[in-house]
Amino acid sequence: MIKGNCVVAGGGICGVFAAILLADKYSTVYLVEKENDFGGLLKSVTDSSGNLLLKIKIMCIASWKVNFFLN
Ligand SMILES: Cc1cc2nc3c(=O)[nH]c(=O)nc-3n(C[C@H](O)[C@H](O)[C@H](O)COP(=O)(O)OP(=O)(O)OC[C@H]3O[C@@H](n4cnc5c(N)ncnc54)[C@H](O)[C@@H]3O)c2cc1C
């Protein structure tokens, strides 16, 4: 464990995964997204009912050590 904080900019799939992995290394991880929702390009991928195929929010919340901030 590295003592200290870490900031990940961008809540697309890469940023979310990076933040979750970094949460094992750093005391606190902050994930900052400039839009009002996570997902980035993957937000455009939905099923026939318009539901997001990837539950990015749930992934973020499930990683309790990631502190996420939306615009
Ligand atoms: C219709 C569609 C189908 C696809 N199908 C596939 C597939 O089958 N297989 C595959 O591998 N890929 C696929 N892709 C591509 C895949 O979606 C992208 O490669 C992937 O989502 C990119 O993720 P990313 O996190 O790198 O970037 P992005 O999704 O672009 O996320 C970047 C995030 O960073 C945020 N951001 C940018 N600047 C800042 C800043 N200064 N501060 C804070 N936040 C910032 C943006 O708002 C965004 O949310 C598909 C894409 C689309 C649109």
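**Strands and crossover**
- Strand β1 (residues 2-9) runs parallel to β2, and six bridges join the two.
- β2 also pairs with strand β3 (residues 66-69), again in the parallel sense, over four bridges.
- Together, β1, α1 and β2 form a β-α-β unit that is right-handed.

**Nonpolar core**
- The largest nonpolar core has seven residues: Val8, Val16, Ala19, Val29, Leu31, Phe38 and Val66.
- At least two residues of this core come from α1 (13-22), and at least two from β2 (26-32).
- In soluble globular proteins, nonpolar side chains tend to be buried together.

**Around the ligand**
- The ligand has 16 residues around it, and Gly10, Gly12, Cys14, Gly40 and Leu41 come nearest.
- α1 contributes the most to this shell, with three residues.

**Confidence**
- Mean pLDDT over the chain is 83, with 85% of the residues at 70 or more.
- Among the elements of the chain, β2 has the highest mean pLDDT (92), while helix α2 (residues 56-62) has the lowest (63).
- Where pLDDT is low, the predicted coordinates should not be read in detail.

Terms used:
Residues numbered from 1 in each chain as written. Predicted model: local features only at pLDDT ≥ 70, side-chain atom pairs only at ≥ 80, totals over all residues. Core = buried A, V, L, I, M, F, W, Y, C linked by C-beta atoms within 7 Å. Buried ≥ 20, exposed ≤ 12 C-beta atoms within 10 Å, placed from the backbone. Near = placed C-beta within 6 Å. pLDDT = per-residue confidence, 0-100. Pairing = 2+ DSSP bridges. Right-handed = clockwise from strand over helix to strand, strands pointing away.
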